[in-house]
Amino acid sequence: MAVKLVERNIVTQHKRNRGFRPLPSKTKVCSYWLKGRCNRSPCRFLHAELPLQNASHSKVSASTLPEGHVASNTMKERDGLKLGDRLCRHWTSGTCTKGDKCLFQHSWSRGEGFSLLATLERHEKGISGVGYPSGSDKLYSGGKDGVVRIWDCHTGQCSNKVDVGSEVGSIICKDQWVFIGLQNVVKAWNTQTAAAFDLKFTAGLVYCFAVKGDLLFAGCQNGHILVWRGSSPSSPLQLITSLEGHTSVVVSMMVGANRLYTGSLDGTIRVWDIDTLGCITSFKGHTDAVMSLICWDEYLLSGSLDRTIKVWGGSSPGARTLEVEYTHKEENGVLALNGVHDKERNPILLASCNDDTVHMFVERGRIFSNWEVGVVQVADACHIFFTGDGSGILKVWKVTGVLKGSVLRLNMWNPSLA
């Protein structure tokens, strides 16, 4: 009975983290939910923001503001967004009658130097994985609806869709391979030979992947990290070991140099040696789930539901331990991190937060959505990135020039990193 309760709480928490929203049938917001810590399902309190989150025109009017001020300068809600930075829900449904007088955002993005290329036909449920094989003209997306859609990059049309039988937890592409994480199975598709294999196991849903050489790593619901080794394009990968140590769902991982970094709902980050597959160290710098990890030069960046992005560095090259060099505070929980470059190869950090926006650092722009964006994927060679949200909408963005704003350098956040 206790095991079932723990499993139910883990699934409930992960659904909330990845965009699940119960229908609002109550009027009082759950204080624990606001902190990202409510594990009750059902909960007798509301798991959603009150009307201002939906940009209701009746919530604030110009007449309620101090004389000589506008809403974007004076009004902030608990998520820290000004009204001018909050998406107008009436505009998204085509029912806003305020026009230029509306206090809310009438655009899917803010900033210059990037543009929306396409909005692709939606999944029936939230998107949980996007893969873009190098050198391919196909884009793969998977959702909680149990469908993998294959998109033609020239036409923007869905050229094929495959019912994989259960919720997709994650997708990764490596060379000609597409790996799809499901409940107790990873589907491996070879886009050149059309070979297809099912890699079966009993560790629950796969929430994240990483690839290094001939090794495939999968972060699973039971807290284990499964490792397969490939031999040839015509034969299936072989499961060689299971890495254990996390005490909850593994939801993020990244390979940097010769190390594997993994993050979990248990709030810890573990570092593994790729050669020996042994755990080098484990540390807890976050107070909530570590939702995303990326490597940036010699630094590791982690994003968490505790509303922080942390920059980790070693005291010396090859150091076994990492220390927090700087902590960047956000107004909301961080769901996904990734990086892209502008036309002058200046780096841009993309950070999706659970206020339904994607931030582009440093103050270079912002992308708005009707739902939390749980997936941010990059095709950096062509300056393109993809966002997938909790309603099943997949959008394609392109960096078209040099984004205005400060060029992101880690030493801008903390001079000691210079």
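## Overall picture

Of the contacts in the chain with a separation of 6 or more, 45% are between residues 24 or more positions apart. Do keep in mind as you look around that this is a predicted model. The chain has 27 strands and 5 helices, and 54% of its 418 residues are buried.

## Strands E8, E9 and E10

Let us turn to one stretch of the chain. Strand E8 covers residues 177–190, and E9 spans 196–212. These two strands pair antiparallel through 6 bridges, and Lys 187 sits opposite Asp 198 in E9. The hairpin that E8 and E9 form has 5 residues between the strands, and in it Ala 194 adopts a positive phi near 70 degrees.

E9 also runs antiparallel to E10, to which 6 bridges join it. Here Phe 209 stands opposite Ala 218 in E10. In this second hairpin there are 2 residues between the strands, and Gly 213 has a positive phi near 60 degrees.

## The largest nonpolar core

Which residues have the most contacts inside the largest nonpolar core? They are Phe 179, Val 186, Phe 201, Phe 209, Leu 216 and Trp 228, in a core of 18 residues. At least two core residues come from each of E8, E9, E10 (215–220) and E11 (225–229). The biggest contribution is from E9, which gives 6 residues. In soluble globular proteins, nonpolar side chains tend to be buried together.

Leaving out residues up to four places away in sequence, Val 186 touches Phe 179, Phe 201, Phe 209, Leu 216 and Trp 228, among others. Its partners also include Ile 180, Gly 181, Phe 197, Asp 198, Leu 199 and Val 206.

## Asn 190 in strand E8

Asn 190 belongs to strand E8. Is Asn 190 buried or exposed? With a relative accessible area of 2%, Asn 190 falls under the 20% cut-off, so this residue counts as buried.

The side chain of Asn 190 comes to 3.0 Å from the backbone nitrogen of Thr 193. Setting aside neighbours within four places in sequence, Asn 190 is in contact with Gln 176, Trp 177, Ala 195 and Pro 233.

Key: Residues numbered from 1 in each chain as written. Predicted model: local features only at pLDDT ≥ 70, side-chain atom pairs only at ≥ 80, totals over all residues. Heavy atoms only, no water. Helix = DSSP H or I, 4+ residues; strand = E, 2+ residues; numbered from the N terminus. Buried < 20%, exposed > 50% of the residue type's maximum accessible area, 1.4 Å probe, protein only. Contact = heavy atoms within 4.5 Å. Polar contact = N/O pair within 3.5 Å; in protein donor to acceptor, adjacent residues only side chain to side chain. Core = buried A, V, L, I, M, F, W, Y, C linked by side-chain atoms within 4.5 Å. Pairing = 2+ DSSP bridges.
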